[in-house]
Amino acid sequence: MELKDQLREVKAASKELALLTEEKRNQILKNIACLLIERKEEILTANQKDIANAAELSKAMIERLTLTYEKIEAMAKQVEIVVKQKDPLHRELESIQRPNGLLIKKMSIPLGVMAIIYESRPNVTIDVACLCVKSGNACVLKGGKEAHHTNQVLVALIHDAMRGIIDEHAVMLIDSSSLVLELIQSNGLVDVAVPRGGKGLIDFVVKNATVPVIETGAGICHQYVDKKADLNQAVKVAVNAKASRPSVCNAIETLLVHKEVAEPFLTALKQAMEEVHVILKGDERVARFIDVEPICTGDYATEYNEYILNLKIVDSLEEAVAHIQHYSTGHSETIMTQDESRAQYFIDHIDSACVYINASTRFSDGGEFGFGLELGISTQKLHARGPLGLQQMTTYRYVIFGDGQIR
């Protein structure tokens, strides 16, 4: 079947899903959670096939690809959490009573058909499908080729969970990368495209899509250690922000440190990062204090997804802000300082989705924000920004109640 014909079936299913009661949407999710546990062995067998074919991937990327019993159980628990979350649909967002008697209500509704293009992590297949079902959106999933076998099994499981409740076309998986361009140019059939992955994938979708795009994921995140920072705290945060999971988009790629605290901070950081096997890069100025690998200008624009961290000494808070403004992808940045006025300057001048004071950027996550599962981290300003949870996966319309009024 041609992609356009398949998308017409998805579009029809999206209208059915939008009318489905919360009880039935939740029942699909409960079925998915149960089937994840029941079919653990089948999922892991498929996942091992993918891992065997992924020898060329980095260690960090293989970690993202790999499923275990514990990860599958965690996926099922996350689905159960979504079941318990408040229904994002049919909410009255605003009510306006006009002098002429018209009552205008702003009501939440699904976006429609969402095309999600992502890489590596097969748990995203479950996360996205469940978020879409709960929010009344049909979805077209284009996972990475490296997770082919796992995604096939997971989507078959989702279809089994939907059987007897709704048309299985409400969740569709496409395998061929050659269809991505057609998918993101299917105006009238796809309502929004969401790329999740590396810079290359995101840039391709943003530049080529003719349907609306929610840009997510590209994470060149920064930590700035100010001259007024608690240095012990700053080292602890840096280790967490880089090494806890270097393959995720909220990990820092560059650390900036004020010249007045460079020597004690870098000395302590070097020891801490060696313990977690992080490679440090820096220029001649950094090399005066610690041994580092040489850095080039292009490294500051690189999202490593690896145990690699850029270091740079700056002369002022203003210089740190200017560097971040130049290289940031608008995801997450943090300042370590005990000076409120300097923290406020950072807040006022950094225009990223998430701006932190004395905390790790690793908290940029739907679950950590209390949103539950997330679709991704939006790095743009429309239609939503930051973690995309259930509430952000809806749009709205105005419903106007009258009694014969004419204009």
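**Entry 1: strand E11 and its partners**

I began with a single pair of residues in this predicted model, and found that leucine 256 has lysine 312 of E11 as its bridge partner. Looking up the strands behind that pair, I noted that E8 (residues 252-258) and E11 run parallel and are paired over 5 bridges. I then turned to strand E9 (residues 279-282), which is also parallel to E11 and is joined to E11 by 3 bridges; here isoleucine 279 stands opposite isoleucine 308 in E11.

Is E11 buried or exposed? I read 7 of the 7 residues of E11 (residues 308-314) as buried, so this strand is largely enclosed by the rest of the structure. I recall that side chains in a regular strand alternate between the two faces of the sheet. In E11 I listed Ile308, Asn310, Lys312 and Val314 as pointing one way, with Leu309, Leu311 and Ile313 pointing the other way, and all of them are buried.

**Entry 2: the open sheet**

Next I looked up an open sheet of 4 strands, and wrote down its order as E5-E4-E3-E6, with parallel pairing. Strands E5 (171-173) and E6 (192-196) each have a single partner strand and stand at the edges, so one side of each lacks a neighbour in the sheet. From one strand to the next, I noted a twist that averages 20°.

Within this sheet, I followed strand E3 (residues 113-118), which pairs with E6 in the parallel sense over 5 bridges, and I found valine 194 in E6 as the bridge partner of isoleucine 116. Helix H9 (residues 199-208) packs on the sheet and touches E3 and E6, its direction making about 160° with that of E6. I also looked at helix H1 (residues 3-18), which lies across E3, strand E4 (138-142) and E5, and runs at about 140° to E4.

**Entry 3: helices H5 and H6**

How do the axes of helix H5 (residues 69-84) and helix H6 (residues 123-134) cross, and within what distance do they come? I noted that these axes come within 10 Å and cross at roughly 10°. Since angles under 35 degrees count as roughly parallel, H5 is therefore roughly parallel to H6. The crossing in which H5 passes H6 is right-handed.

I then listed the residues that make the contact: Met75, Val79, Val82 and Val83 from H5, and Asn123, Ile126, Cys130 and Lys134 from H6. Sorted by class, this contact of H5 with H6 comprises 6 nonpolar, 1 polar and 1 charged residues.

Conventions: Residues numbered from 1 in each chain as written. Predicted model: local features only at pLDDT ≥ 70, side-chain atom pairs only at ≥ 80, totals over all residues. Heavy atoms only, no water. Pairing = 2+ DSSP bridges. Helix = DSSP H or I, 4+ residues; strand = E, 2+ residues; numbered from the N terminus. Axes fitted to C-alpha atoms, helices over the stretch in contact; angles between N-to-C directions. Contact = heavy atoms within 4.5 Å. Buried < 20%, exposed > 50% of the residue type's maximum accessible area, 1.4 Å probe, protein only. Parallel < 35°, antiparallel > 145°, perpendicular 65-115°, else oblique. Left-handed = near helix turned anticlockwise from the far one by under 90°. Nonpolar A, V, L, I, M, F, W, Y, C, P; charged D, E, K, R; others polar.
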